[in-house]
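Welcome! Open your viewer, get the selection tool ready, and follow along one stop at a time.

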Amino acid sequence: MAGPGVGKSALAEAITERLSAEMIVVQMHGSSSLSAVPFGVLAPYTAELTAEDSVSPVAVLRSVWAYFEKLKAGKDTPLLLVVDDAHHLDEATASIVADMISAGWVSVVAAGRPRPGLPQPLAQLWYDGLADRVDLRPLNREQIEEVLSHVLDGTVPSGTVDTIWIASGGNPRILDALLHDAAELGVLAKRNGIWVLLGPLPSDGARLTAVLTKDLLRRRPQEQDALKLIALAEPVARKVIEDINGADVVRSLLDQQMIVESSGHPAELRMWNALIGEALRKNVSVSRSLQLLERIRSQGEVAHVGADGRLRAVEWALECGQRVPDADLLEAARAAVGRLRNLSARTMAARVHDPDLVPHARAVQARALFNQGEYEEAATILDGAWLQLADSPDAAHVLMLRASCHQALGKSLEALAAESRELLHRAGLTVQAPGSSAGGTDSHPAGAGARSWQDQMLYLLELGAAGDHETLATEVHDLRNRNPGGPADDALRAVGMALLSHTLSAAGRSVQGLDAALLAASELPALRDGLFFFNEYVLGRLVTGYLSMGEWESAERELANYAAEQTQAAATFGGSVQILRGYSLLRQGRMERAYQMILPAVEALRLNDPQQLLRFGSALGFYVAARLGDSAQAKRLEQDYKDSTHGPAYELLSAAYAAAASEYLARDGKGLASLHTLATTPEVSARAGTLLEFLSLCWDLGDHSVISLVHSLARDVEGRWAAAMLALAKNWESEDADDLMISAADLEASGFVNLAREAYAKASTLLEQAGERRRSRQAVALREKCDHELGERFREGHFIAAAPAVHLTRREQDIVELALQGLTDREIAQRLMVSVRTVEGHLYRTYVKLGVRSRDELSSALPK
């Protein structure tokens, strides 16, 4: 049992192919056109019956059996009846099939849909225990990932997997069509070994159109009309469709799972799959679409429900060439850009002509372009609109969006602020003299309240870039306590506290920084549905706060919750989220997993880098590639790092990881010397949290001269990670093997496995020197256990040996584990309920990935 396109027919065909050598297979297909005709699908087996006998169950059963006996030709070969679309069998035919099963004459495989379900005589067999029911489900995300890893040669990042999984709905038929269309149209492309999506998945590709056309042709004209109407209007009130097409048609489409119904009031109908709905809309002619629109309007009822319905109503009207009031166009454009439907938003905003609304519409166009990575065009639009919107509710959003566009293009914050203040002064929106700077405590004007909010926002951004957490704290305190508040105070507080969080974390005051990030998050509800991405802006600082404290699980929880709740934002912000995930894994010492996360994220950021993280991501990728010995990737990422635009939030860390990567790559001391030089600069030495991270990189490179500095500095840095570094440094300097072993166990239990590994390694050396070889071997075993948990296959001294990342899918891992237990291919297939050929294929791909040639070499290629 399965819905349309899930694979029940393909499975029935596979069973037929597999058993055709052992059984006599008879195939039968149910038909909607014959579902009301008694014994209709049995006509090929009852041709010789009289008209009177053709409706007699006994005569029909005898005729069918005679046909089967003729096929057997006296042999004792068992019979297999394969019935596809069994939900379309009439009751009389279903009774004949049930009788043959009950009598043991044939074995039957029946494939049908759960709604409306099998005819009662067949369903009764299951209730009586005479049949097994197997429900085929749409492919889950893990299965989609396995399919993609099988058909695509290269790495498929999680963002690509998520987009394809959501678009296909896990339906194998649609998945196949999408992959072919996306590859043929160049939307799915391989970049540096990574499969990335260069745009939205096509809804008008040849394969998907063929699937849709074939499905429509199998349906009654009334059902075709209803599907087109629902696709054009969705979400649409159920009552409206029932009034136009009939309640029985709606029930039939619901039974066939072609549409879904919401549980709200009034009940809404949608297509079961958004991409299918879009494809169906593109296959309806304009004239026909206009006819259907008029039918909807003729009902005199509200057909479109909620914001999604109103958005679709405007889109539909424009598709039919009808005029839409400017206010409705602007509202719909804002709704579209908020849902990342960028092309639709740009189309609607471009049609707004009311002079009072045009600046607002142009701002919407700019955000849509920003979402698509078209920063230069977006910046040009905002340069002409931001002052016109200075008194609008969107003003703070537009100012921040404009700043992000220019920073993405490489303009420094200092230059942007100076230029913006000049323009504000000319517009009479600030009391500061043009060309003066608010970039430090000394230049803070005494009458802060006299400044425009725009100047305050620029000042906050400058303080954040300078790392001046003390002045930021004063500014934020004033913003939170002034009464009455200004029109942009929600945005000012969110930005100020997010920046304060970042600067406090860099200064080593992570606990206070996290509190500031959480306060920034509390401002987000008031900023929802605006044109700037305040949600993502605050999320980055919140995650950074958790990471600076060593709260790995909390950071991952925030990122996972965002990914689950904001699936539409993946195309724009997916790369940024994955970079933060990779950074978290790197901080934990899980280098191979970090590598697998960062490389695809860098490719995503090449297409869309809204938070200017490409330079930071390239530096992290350069670092991890160099540590893992992948020199080719490391050199490519090093060039990416050098070529990319400076990102204001992570520039110091980018330089540190790039310097450390250079040392891993060349091992000539120059990279380490660069790290030391950077650590002594005022920008770094004034930030205790950042400096401690610099020192940890030096330590990891084998530079033990920094341990005493770590010992003294970590005392003044807040958070669990700093406390773990302090404990390791203290016991390392004591050179007491017992204390190191105790400290290592504590570190491991606390989640700092990479630090525990170093402690075990140091203890093993001390114990070996003391002649305690048994305890030394125990320390080595515990160190190797940490290596295994971190996913590192090899480790030599302070450097990870050359070991490029290898990613086995979950299914490959399961098969390898069973193979290592000594099971044969057939035994593995039986255990996992797959074919032997599937097992063989997975093992072959695993051999290639691991660089081995047989099962005998598997164990040596995997972590101990």
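Helices H9 and H14 are roughly perpendicular to each other (an angle of 65 to 115 degrees; under 35 would be roughly parallel, over 145 roughly antiparallel, and the rest oblique). Before you select them, a word on the model: it is predicted, so local features need pLDDT of at least 70 and side-chain atom pairs count only at pLDDT 80 or more, while totals for chains, interfaces and linings use all residues. Residues are numbered from 1 along each chain as its sequence is written, and side-chain values use heavy atoms, leaving out hydrogens and water.

Now select residues 221–233 for H9 and 306–319 for H14; their axes come within 8 Å and cross at roughly 110°. Helices here are DSSP runs of H or I with at least four residues, numbered from the N terminus. Axes are lines fitted to C-alpha atoms over the stretch in contact, with angles from 0 to 180 degrees between N-to-C directions.

Which residues meet here? From H9 come Leu229, Ala231, Leu232 and Ala233, and from H14 come Arg312, Trp316 and Glu319 (contact means heavy atoms within 4.5 Å). Sorted by class, this contact has five nonpolar residues, two charged and no polar.

**Second stop: H5 and H6**

Select residues 141–151 for H5 and 158–168 for H6, whose axes come within 10 Å and cross at roughly 115°. H5 is thus roughly perpendicular to H6. Show Arg141, Ile144, Glu145 and Leu148 on H5, then Ser158, Val161, Asp162, Ile164, Trp165 and Ser168 on H6, to see the residues that make this contact. They divide into five nonpolar, two polar and three charged.

Next, pick Asp640, which lies in helix H31, residues 631–643. Is Asp640 buried or exposed? With a relative accessible area of 14%, Asp640 is buried (under 20%; exposed is over 50% and partly exposed in between, with a 1.4 Å probe and protein chains only).

**Last stop: cysteines**

Finish with Cys698, buried at 2% relative accessibility, and Cys786, buried at 0%. How many disulfides are found in the whole structure? The search finds zero, a disulfide being a pair of cysteine sulfur atoms within 2.5 Å.

Note on methods: Helices (H or I, at least four residues) and strands (E, at least two) are DSSP runs, numbered from the N terminus. Ala, Val, Leu, Ile, Met, Phe, Trp, Tyr, Cys and Pro count as nonpolar, Asp, Glu, Lys and Arg as charged, and the others, Gly among them, as polar.
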